[in-house]
There are 2 protein chains.
Amino acid sequence: MDKIRIGILGYGNLGRGVELGILQNRDMELVGVFTRREPGALNLANKNSRAFHIKEAREMTDIIDVMILCGGSKSDLPVQGPEFAALFNTVDGFDTHAKIQDYYEKVNQAALKAKKTCVIATGWDPGLFSLSRLFAEAVLPNGKSYTFWGKGVSQGHSDAIRRIEGVEDARQYTIPIEEALERVRRGELPDFTPRQKHLRECYVVAKEGADLERIENEIKSMPYYFSDYDTIVHFISKEELEKNHSRLSHGGVVIHSGKTGLNNENTHVIEYSLKLDSNPDFTANVLLAYARAAYRLNKEGIYGAKTVFDIAPAYLSVKSGEELRRTLL
Amino acid sequence: MDKIRIGILGYGNLGRGVELGILQNRDMELVGVFTRREPGALNLANKNSRAFHIKEAREMTDIIDVMILCGGSKSDLPVQGPEFAALFNTVDGFDTHAKIQDYYEKVNQAALKAKKTCVIATGWDPGLFSLSRLFAEAVLPNGKSYTFWGKGVSQGHSDAIRRIEGVEDARQYTIPIEEALERVRRGELPDFTPRQKHLRECYVVAKEGADLERIENEIKSMPYYFSDYDTIVHFISKEELEKNHSRLSHGGVVIHSGKTGLNNENTHVIEYSLKLDSNPDFTANVLLAYARAAYRLNKEGIYGAKTVFDIAPAYLSVKSGEELRRTLL
């Protein structure tokens, strides 16, 4: 079997997750990790992995089948996505929901021109959760979907706290409210305010001498991020933060309930939930399954930007069509 | 908008569910219900629906876009599937897992020859549960999937009891064993015997004077169906059976757990669950979403038999690609 030759662009938690995930997929192999840093300085998880400077990537287009973009959605991907789509089949986890359509168009244009296949915005949300919402809505159109996130750290909210004067470090947990979950699971179709769905719990390390009351007020009144939620603020030491709040676990649930019958007498509840010890590891594995799809679609001459909605599930599996029908259908 | 013109073949609980489901989909309309019975004798759920004799179907190939086959997997579909694939785009819920590959080949041959698109074996299992297994296995290859069914009536097991001498009627509930569910949810990867996963509870109406002890023994010792399970048998009256055991609710759960990390230190649990007040209504709605896909694929010149694995999720939704990216991704 010809193995799918994978490149990794960017080596944070996600890149490391992809590096390790490749070892679980017998039809894949790692060509190398590409970085803006000094390649020799990277502390790679697998001793057989190689690191290259990002500049070397464009000389390796013929030995890499799919480049997995592991940079951030804020500043890395908006540049790297279209740039690498002109050179490689790519997969990324672009997750700024509001900007996906714009990003899609830019990557699509570059990929079509270069005859590449680029899967954007995959992972678990966007990604598997998006699929779950689509299937549920298509099957129960007379119904409603609810997405709950957590318990897990929100990077965006943690960053927002760190920008407050007097804050040295912070972690913000998004926590679904159990009562809301239970109402949806019972098949009710409530309209929730943000406050009714999620709680925000913050662990903050303040700089010496900082005004804690002011910091707490600034957090709780921050528009969009916190003001619409019940927010709990704990001040803790730097040591405590590192010891108790550096876990990467996350998760969430999509619940869709809908009605059928002559008089809407039947209620159905679809629930898709994830409990993840490591958010980056799991996301990395989703990217790898879609790397397999990008590789195969490209071989079939199907080019351009694709999302999870555009890809038939069979492309994700190492099994053949007949094997899938015999073992998983 | 040109509506998708649907035909329904067979009018049991599933056919009735499709009839009602069409009313929830603004891009679909019912042409008619086709039956082997006297059409005028059908008691249709919607007063605007029309019934035709099955013989009339072949004269209506140009006014029906998709025919939904609502017959049983045991004797109806093996004949009707290939036969109607030669005339119409079709969708069915063929659910004899062991015979799916053979059925696929027969329908595929007929459909390719007639340039039709035929979605086979959809519903929730096979169907949405199959998808859930595929996605989970592709994303967490170092892991294992478990499917639990129920609580709900198993038609096959109820039929098996009815074939025992002295039995007038019966309902068999398949019930997942809570302890097994909990172990899998905790991320353990146990090997279960059938007995450890499901309990079988039977409500039996015996004929007058029948030997109850013999019936109970015959049920409990029936190979494959019951002998590998803990089975509870209740003898009840015909009235009790009709009053308390005619509900069509069902459900189940697919749980996949898997490991990642340098030393498999991270556990992830994916859970997909369904709680359905009406098994046939929900199944009907899945068939309708795939009818939309069959219609669109056929328009694009993609012919042959298809399963849920072969169809990109976007084909199921009434929304456009851009709308999907903006609202559900």
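Tutor: Let us begin with a term: a salt bridge is a side-chain nitrogen of Lys or Arg within 4 Å of a carboxyl oxygen of Asp or Glu. The model is predicted, so local features need pLDDT of at least 70 and side-chain atom pairs count only at pLDDT 80 or more, while totals for chains, interfaces and linings use all residues. Residues are numbered from 1 along each chain as its sequence is written, chains are lettered from A and ligands numbered from 1 in the order in which they are written, and side-chain values use heavy atoms, with hydrogens and water left out.

Student: Which side chain of chain A meets Lys319(B) in a salt bridge?

Tutor: Across the interface of chain A and chain B the rule finds 2 salt bridges. In a salt bridge with an N to O distance of 3.1 Å, the partner of Lys319(B) is Glu137(A).

Student: How many residue pairs are in polar contact between chain A and chain B?

Tutor: A polar contact is a pair of N or O atoms within 3.5 Å; within protein, one must be able to donate a hydrogen and the other to accept it, and residues adjacent in sequence count only if both atoms are side-chain atoms. With both residues at pLDDT 80 or more, the count between the two chains is 28 residue pairs.

Student: Which element gives the most to the side of chain A that touches chain B?

Tutor: Helices (H or I, at least four residues) and strands (E, at least two) are DSSP runs, numbered from the N terminus. Elements of chain A that each supply at least two residues to this side include α1 (13-22), α3 (100-114), α10 (279-299) and β13 (266-276). With 11 residues, the element that gives the most is β13(A).

Student: What is the area buried between chain A and chain B?

Tutor: Contact means heavy atoms within 4.5 Å, and 66 residues of chain A are in contact with 66 residues of chain B. Buried area is the accessible area (1.4 Å probe) that two parts lose on being put together, summed over both. Carbon and sulfur atoms give 60% of the area buried here, which is about 5,900 Å².

Student: Why are α4(A) and α4(B) described as roughly antiparallel?

Tutor: Axes are lines fitted to C-alpha atoms, for helices over the stretch in contact, and angles run from 0 to 180 degrees between N-to-C directions. Angles under 35 degrees count as roughly parallel, over 145 as roughly antiparallel, 65 to 115 as roughly perpendicular and the rest as oblique. The two helices, residues 128-139 of each chain, have axes 13 Å apart. They are therefore roughly antiparallel, as they pack at an angle of about 175°.

Student: Which residues of α4(B) make that contact?

Tutor: From α4(A) the contact takes Leu128(A), Leu131(A), Phe135(A) and Val139(A). Ala, Val, Leu, Ile, Met, Phe, Trp, Tyr, Cys and Pro count as nonpolar, Asp, Glu, Lys and Arg as charged, and the others, Gly among them, as polar; the contact has 8 nonpolar, no polar and no charged residues. On the α4(B) side the residues are Leu128(B), Leu131(B), Phe135(B) and Val139(B).

Student: At what angle do the axes of α4(A) and helix α10 of chain B cross?

Tutor: The axes come within 8 Å, and the helices are therefore roughly perpendicular to each other. Residues making the contact include Phe135(A) and Val139(A) of α4(A), and Phe282(B) and Tyr290(B) of α10(B). The axes cross at roughly 105°.

Student: Which residue of chain B has a backbone oxygen 2.8 Å from a polar atom of the side chain of Gln24(A)?

Tutor: Gln24(A) is in the loop between α1 and β2 (28-35) of chain A. A polar contact of 3.3 Å joins its side chain to that of Asn285(A), which is 261 residues away along the chain. The backbone oxygen at 2.8 Å belongs to Lys259(B).

Student: What is the omega of the peptide bond from Asp125(A) to Pro126(A)?

Tutor: Pro126(A) is found in the loop between β6 (117-119) and α4 of chain A. The bond is cis, with omega near 5°.
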